[in-house]
Structure formats: C-alpha cells, structure tokens
Amino acid sequence: MLDADSPKPPGYNAQRLRGQDAPRRRSWRWQPLPALLGALIAGLVLLAVAAVLYDHSRRNTISPGVRVGGVDIGGLSVSAARQRLQEQLAAPLERSLVVRVGHQHFALSARRAGVGVAVNQLTQQALTDSRGGWILGRVIDGLTGRRLNVDIPPAVTYSASAVRRFALDVAVRTHHSARDASVQPSASGLQRVPSHLGIEVQTSALIGQIEQSLQHPTDPRVIVPPLKRLRPKVTLANLASHYPAYIVINRSAFKLRFYRRLRLAHTYTIAVGRQGLETPAGLYNIQDMETNPSWHVPNSSWAGSLAGTTVPPGPADPIKARWMGVSGGAGIHGTDVLGSLGTAASHGCIRMSIPDVIQLYSQVRLHTPVFIA
C-alpha cells in the first residue's frame, strides 16, 4: 500500500486509481426551490381553509359599522339585530307623533297614520351588505375590525293620504286670521282698537316634517311646524285714513260729536226722540242725503191727517235745510224750533240748528258711520 509520502511507481495515475479502484458513492444535493414552493402551497391551502372556516363562522353576523335608521346593529347576530330593531325602530313607531302650535297639541297615532316597518327585511338587507364583496376582503375586515359605515334607510311605510288629512286638520284648527285695527264707539267718543297679526301653518312644510319623522323613528316625536304671519290690512298707523268722518250721538247728553280722521272736530247740541218715539240706538251709516228736502210723513197715528203724505219744502215742512237719512225713517235734519234743542222733543229724528246742520252736511259723505248711544 502506498502512502502519501511513498515514491510512486511509473505510470501511476491517482485519478484513474480513484476512478477504477475506489468504491463508487452517489452524491446528493439539496434542492431549495421545490421545497419552498411546496411549503408555500401548503401554507396557502391552510390559510384558505382557515379563511373559509372563519368566514363561515360569521355567516349570520352583521359587520361592525352597519346601522339601520341610525340604530347600530354591527357585530350582532341576525336574531339579536332583529330584536334590537324591533325595540328601537318598531316600538318607537307605536308612539303618537305630536304637532305643537303655540299652546295647542295635536296627536297623530301610529294606527291612524298606518305606520309599519319591515324588521325582517331590514335585517336581511344588513346581512347582505355585510356579506358583500369577496371572501378575503371580508376576512381581513373581520380580523382588523374595519367598520363598514353603512346606514340602511328604515323603509317605514305609512299612509300619505292620512298624513295629509291630519296636516290639513291642524292647519284649519290653528288658523287665526289677522285682525284689522278698528274703532270702538261709545257715548263718550271713539276708542282705537289695535290690529293683531294672524298665523297660518305652512301645510306643505308640516307634511314634510311628519313624513321625515315617520321615516326616522329615532327622531323626536314632537313637531313644531313653521308658521306664516298674516299681516292686517288696517293698522293703527293707517286707521284714521279709513275714517275721514265719523258721527257719535249721545242721546242722554243731547250732543252730536263729529270726528274728522278720528279726531274730534265739532260738538253740536241736538234734540232727540221723545218718550215712546225714541231715536233708535246702534251703529248705522248715512244712507241718503238731500238739500232742502221734502218731508215724507210716516204713516203713523201721531202724524194725524198728514200721515202718509209728502210735505214739500217751505214753512210747513219741519225738516229744514238738510237731510241725512240714518235708519228707516230716522235721520239728521235742521229745525227752526231752536227751543227744542237740548231736549227729547222729536218723533225719532236728530234735530240740529240750521247753521249746524249745513256745516255738518258739508263734511260728511254717504256711508259715513253714525253711532247712536
């Protein structure tokens, strides 16, 4: 046996010796790529199986961030979500909706409005939205706790005609017309009565408010509708312009007061009807006017033989200078029997001195108000 340091015989070939005489051994090399691919595929299969199992475990669970009509049902099972919607959506709908106008309150019951909500349908819609997209996205969302931020309209049903009828009823019952400024006459004179604004419910806006509240059961159930302020046509500022002339007669004081634009302009002494033929009290207006009128004698017993006749202007005519008819056969006229002024002496008319009746006549028109107290 030759060792390493022994001299080598001629023709010695170490390589050939190893090739011919040395025992043959099979060489093995590690192949990394197929192994990595196999491990990766196995891992992916495991992940896919885990993802499918995880997703399957959440098949009846609503995703976080899902709401119905503002009610959060995220993370709940379908049955728990249905229960919550029943409590927080359906139950509130049973409460009456109240419309408040000032101190008045009007209630619209759920039954009258025909209100209903499809809880089962809404729950199924929430689940469908939760299960949308591809499985990997759902798994990632579930593991990371991502919220969907979905708010499903509650799809409340109601009777539109019932809502409209209710709104119109509220509008009619709360309507207050504007009140014009006016004049309140009395024996002592004229008192000005201020105007008042009216109010009117904006019906279209109220209908919209009711429908909005019905569609969102979690909203407050008390509605204050917008009001339209109705302005009067006559106010204290322009009241006087509506009364260029006004006459107030105080029978007990035997005075006639003439007002120009609601300010006292003249006071006259008059005669009024005697007992049994009293001048009628009340609010009237001048119905006819004549200069130097005839006397159309009433067909009454006190007129004697003149009853039903007409006395033309002249000495026999007691109606002097001017005539302003007020009510029936009663009116304001002049007289030359000055001694009767300041007394109850006429047959129902108001007597004035001739100069006074001429002056008054020139300041009034047809339909001038005449208040007799």
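**Entry 1: strand β13**

I began with β13, where Tyr246, Val248 and Asn250 point one way while Ile247 and Ile249 point the other way, and I noted that all of them are buried. I kept in mind from the start that this is a predicted model. In a regular strand, side chains alternate between the two faces of the sheet. I then asked how many of the residues of strand β13 are buried. The count is five of the five residues in 246-250, so I recorded the strand as largely enclosed by the rest of the structure, burial here being under 20% relative accessible area.

Next I looked up the partners of β13. With strand β14 (residues 255-260), β13 pairs in the antiparallel sense over five bridges, and I found Tyr246 standing opposite Tyr259 of β14. Four residues lie between the strands in this hairpin, and there I noted that Phe254 takes a positive phi near 55 degrees. With strand β25 (residues 369-372), β13 pairs in the parallel sense over three bridges, and Val248 has Phe371 in β25 as its bridge partner.

**Entry 2: a three-stranded sheet**

I turned to an open sheet of three strands and wrote down its order as β2-β1-β6, with mixed pairing. Which strands stand at the edges? They are β2 (71-72) and β6 (150-152), each of which has a single partner strand, so one side of each is left without a neighbour in the sheet. Strand β1 (residues 66-68) runs antiparallel to β2 and is joined to it by two bridges, and I traced Val68 to its bridge partner in β2, Val71. Checking what covers these strands, I found helix α5 (residues 119-130) lying across β1 and β6, at about 155 degrees to β6.

**Entry 3: the pockets**

I then searched for open space, beginning with the largest pocket, for which I noted about 520 Å³. Its lining is made up of 29 residues, and Trp295, Ile319, Trp323, Gly329 and Cys349 are those that lie nearest its centre. I asked which strands supply at least two residues each to this lining, and listed β18 (288-291), β19 (295-296), β21 (320-327) and β22 (330-335). The largest share, four residues, comes from β21. Sorted by class, the lining of the largest pocket has twelve nonpolar, twelve polar and five charged residues.

For the second largest pocket I recorded a volume of about 200 Å³ and a lining of 18 residues, with Ser63, Ser130, Gly137, Arg138 and Asp141 nearest the centre. Here the elements that each supply at least two lining residues are α2 (32-57), α5 and α6 (135-144). The most comes from α6, with four residues, and the lining of the second largest pocket divides into four nonpolar, seven polar and seven charged residues.

**Entry 4: enclosed space**

By class I counted seven nonpolar, two polar and two charged residues around the largest cavity.

Conventions. Residues are numbered from 1 along each chain as its sequence is written. This is a predicted model: local features need pLDDT of at least 70, side-chain atom pairs count only at pLDDT 80 or more; totals for chains, interfaces and linings use all residues. Side-chain values use heavy atoms; hydrogens and water are left out. Ala, Val, Leu, Ile, Met, Phe, Trp, Tyr, Cys and Pro count as nonpolar, Asp, Glu, Lys and Arg as charged, and the others, Gly among them, as polar. Two strands pair if DSSP finds at least two bridges between them. Contact means heavy atoms within 4.5 Å. Axes are lines fitted to C-alpha atoms, for helices over the stretch in contact, and angles run from 0 to 180 degrees between N-to-C directions. Buried means under 20% relative accessible area, exposed over 50%, partly exposed in between (1.4 Å probe, protein chains only). On a 1 Å grid over the protein atoms alone, a cavity is a set of points where a 1.4 Å probe fits but cannot get out, and a pocket is an open set with protein on both sides within 12 Å along at least five of seven lines; lining residues have an atom within 4 Å of a point. Grid points are joined across faces, edges and corners, and a volume is the space filled by probe spheres set on the points.
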